[in-house]
Amino acid sequence: MSDPVWSTNLRTVQEGYLSVVMSGSNGPTDTHTYQSLAEDCPFGSVEQPKRSTGRLVMHSMAMFGREFCYAVEAAYVTPVLLSVGLPKSLYSMVWLLSPILGFLLQPVVGSASDHCRARWGRRRPYILTLGIMMLLGMALYLNGDAVVSALVANPRQKLVWAISITMVGVVLFDFSADFIDGPIKAYLFDVCSHQDKEKGLHYHALFTGFGGALGYLLGAIDWVHLELGRLLGTEFQVMFFFSSLVLISCFITHLCSIPEAPLRDGAIDPSSQQDPQGSSLSANGTHEYGSIEKVKTGGADTELPVQGGKDKKPSEESQRTMSMKSLLRALVNMPSHYRCLCISHLIGWTAFLSNMLFFTDFMGQIVYHGDPYGAHNSTEFLIYERGVEVGCWGLCINSVFSSVYSYFQKAMVSYIGLKGLYFMGYLLFGLGTGFIGLFPNVYSTLVLCSMFGVMSSTLYTVPFNLIAEYHREEEKEKRQEAPGGPDNHGRGKGVDCAALTCMVQLAQILVGGGLGFLVNMAGSVVVVVITASAVALIGCCFVALFVRYVD
C-alpha cells in the first residue's frame with residue numbers, strides 16, 4: 001500500500017463479548033456451562049452493577065491511546081518505509097501480512113480469552129500483552145533505522161537490517177493493534193450491565209475519534225525546526241516519545257478502570273454430573289455454533305473441558321478449547337442472524353476501506369491535479385504533496401465528526417432505533433463518497449469528509465450493540481426454559497465476536513488485493529471512490545432487508 005491512511009482506518013474492528021456461556025446438548029439432560037465468578041447461577045448470568053461515568057471514561061482511554069498511535073502510524077509509516085529503502089515489491093507483503101494473520105488467528109485469540117484462568121481476569125492479561133507488543137512495534141519501526149545506523153557500519157548489511165527491523169515493527173504493531181480490540185470490548189461486556197455496555201460503546205467511539213484527531217494534529221507539526229525535535233534527533237523520535245507516553249498512560253488507566261472477576265473453577269451444571277459423556281451435538285446431530293465438540297483419545301470419547309473438572313489439567317483444557325477444528329466448525333454452524341450481521345459488517349468495512357485507502361492520493365491527484373511520479377522539485381509533485389496534506393486534514397475532520405456523531409447517537413437511537421442508525425450510516429457514506437467522486441472539489445470534499453465520520457462511528461458501535469442485543473435475547477430465552485430442558489443457546493461469546501472481527505480483516509485482504517488491480521485497469525483513483533459509494537449503497541439494502549433487529 002502506498003497511502004498513509006491505510007493503517008488508521010483498517011482497524012477499528014470492534015468486537016465485544018458477553019460473559020461466556022458455552023454449552024452443548026445431546027438430549028434434555030446434558031448441559032455444560034462455563035461461568036465466571038460473577039455468575040452465581042449455572043443457567044444464566046447475573047446482571048452486573050451500574051458503572052459510573054468516570055469508570056466508563058477510564059475504560060475508554062485504551063481506545064484513545066490506540067487510535068492516537070494509529071494516527072501516528074498513518075502519518076509516518078510511509079515516510080519511514082521510504083527512508084529505509086523498502087522495495088516496492090515488499091509493500092503488499094507488509095500491509096497484507098497482518099490482516100491475513102488476524103483473519104486466521106482471531107477466533108483462536110477470542111476462544112483463548114474466553115477460557116483464560118488468570119487471577120487478574122480473562123481479558124486484562126491479553127490487553128496488557130498486546131499493549132506491550134504495540135509499544136515494541138512502534139519502537140522498532142520508528143527507531144529501528146537509527147539504531148541500525150549506530151550499530152552497523154557495512155552499507156549493505158545496514159540496508160538489510162534496517163528494512164527487516166522496520167518491516168517487523170510495522171507488522172507487529174498492526175497485528176497487536178488489530179487483536180487488542182477484541183479483549184477490550186470483551187472486558188467492557190464482561191463487567192457492565194446492558195445499559196452500561198451501550199453507554200461504554202459510545203464512549204469508546206467518542207474517544208477513538210478524539211485520539212485519532214490529536215494524533216493527526218501532532219503529526220502535522222514540523223518538529224524538525226522546534227527545540228524538542230533538535231533535542232531528540234528526528235521527528236520520528238519525537239513521535240515515538242509522544243506515542244509511548246500516551247499509550248502507556250492510557251492503558252494503565254484502562255487496566256485499572258473496572259475490576260474483572262477471574263474464571264471460576266468448579267462451576268458446572270448439576271445435570272452434567274449425571275451424564276458425564278454429554279456431547280455438544282444438538283438434537284439433529286449437528287454441532288451447535290460456539291460449542292466445542294468431544295474429541296476421542298485412545299479410542300474413548302473424552303469430553304472437552306468443563307469448568308470444575310478436577311481431573312483435567314489446565315494446559316490440556318486450554319489446548320482442546322482452542323482446537324482450530326472445533327472453532328472452524330463453530331463458525332460454519334453460525335446462526336443465520338449472526339451470519340447476516342457478519343456479511344453486513346464485511347460490506348461496510350469494504351466500502352469504508354476502499355475510500356480511505358486512497359483518499360489522500362485522491363486529493364493529491366484528482367482534486368489538486370498533482371503528479372506523484374514527477375520530480376521531487378517539480379511543481380506538479382509539490383502540488384500533489386499539498387493535496388496529501390489537505391487530505392490529512394480531511395481525515396482529522398473525519399475523526400472529530402466521528403466523536404461528535406457518537407455523542408448524538410445515544411439520543412438518536414431512541415427515535416430511529418439501531419436499524420435507522422445502521423441504514424443512515426451506510427446511506428450517508430454512500431452518497432457522500434459518490435458526490436466526491438463525481439464532483440471533486442477541495443471545499444466540498446472537506447465538508448463531505450464528515451460523512452466518513454458518520455460511517456466510522458456506525459461501524460464502531462451499531463454491530464456490537466446488535467451483538468449485545470442478540471446475547472441478551474438468548475439469555476432471556478434461557479431463563480424462560482425449564483431447568484432440565486436442553487440448552488441450545490449458550491455459546492462462547494468470544495467466538496461470536498471473533499467472527500465479526502474476522503470480517504474486518506477479510507475486508508482488509510479484499511481491499512488490499514483488489515483495489516490496486518482496479519486502479520491499474522481504470523488508470524485513475526476515481527474508480528476507488530466510486531466503488532466505495534456503490535458498495536455502501538448495496539450495504540444499505542442489505543442492512544435494511546437481511547439484518548435482524550431485536551425489538
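Predicted model: local features only at pLDDT ≥ 70, side-chain atom pairs only at ≥ 80, totals over all residues.
## Overview of the chain

A residue is called buried when its relative accessible area is under 20%, exposed when that area is over 50%, and partly exposed in between, using a 1.4 Å probe and protein chains only. Residues are numbered from 1 along each chain as its sequence is written, and side-chain values use heavy atoms, with hydrogens and water left out.

The chain contains 17 helices and 2 strands; these are DSSP runs numbered from the N terminus, with helices (H or I) of at least four residues and strands (E) of at least two. A contact is counted where heavy atoms lie within 4.5 Å. Among contacts between residues at least 6 apart in sequence, 82% join residues at least 24 apart.

## Salt bridges

A salt bridge is defined here as a side-chain nitrogen of Lys or Arg within 4 Å of a carboxyl oxygen of Asp or Glu. The count by this rule is 7 salt bridges. One of them joins Arg123 to Asp190, with the closest N and O atoms 2.6 Å apart. This pair links distant parts of the chain, 67 residues apart: Arg123 belongs to the loop between α3 (91-114) and α4 (124-151), and Asp190 to helix α5 (residues 155-191). Both partners are shielded: Arg123 is buried, with a relative accessible area of 0%, and Asp190 is buried, with a value of 7%.

Another salt bridge connects Glu473 and Arg548, at 2.9 Å from N to O. Here too distant parts of the chain are linked, since Glu473 is in helix α15 (residues 442-480) and Arg548 is in the segment after α17 (526-545), 75 residues apart. Glu473 is partly exposed at 23% relative accessible area, and Arg548 is partly exposed at 30%.

Glu227 and Arg230 also form a salt bridge, their closest N and O atoms being 3.2 Å apart. The two residues are 3 apart in helix α7 (residues 227-232) and are therefore separated by about one helical turn. Both Glu227 and Arg230 are exposed.

## Cysteines

A disulfide is a covalent bond between the sulfur atoms of two cysteines. With the cut-off that a pair of cysteine sulfur atoms must lie within 2.5 Å, the structure holds 0 disulfides. For Cys540, the closest cysteine sulfur is that of Cys541, and the distance of 6.6 Å is too far for a bond. Cys540 is buried, with a relative accessible area of 4%, and Cys449 is buried, with a value of 0%.

## Packing of α12 and α15

Helix α12 (residues 336-357) packs with α15 at an angle of about 170 degrees, and their axes are 11 Å apart. α12 is therefore roughly antiparallel to α15, a term that applies to angles over 145 degrees. Axes are lines fitted to C-alpha atoms, for helices over the stretch in contact, and angles run from 0 to 180 degrees between N-to-C directions.

Residues making this contact include His337, Trp349 and Phe352 of α12 and Phe452, Tyr460 and Glu474 of α15. By class, the contact has 14 nonpolar, 6 polar and 1 charged residues. Ala, Val, Leu, Ile, Met, Phe, Trp, Tyr, Cys and Pro count as nonpolar, Asp, Glu, Lys and Arg as charged, and the others, Gly among them, as polar.

Note on methods. Parallel < 35°, antiparallel > 145°, perpendicular 65-115°, else oblique.
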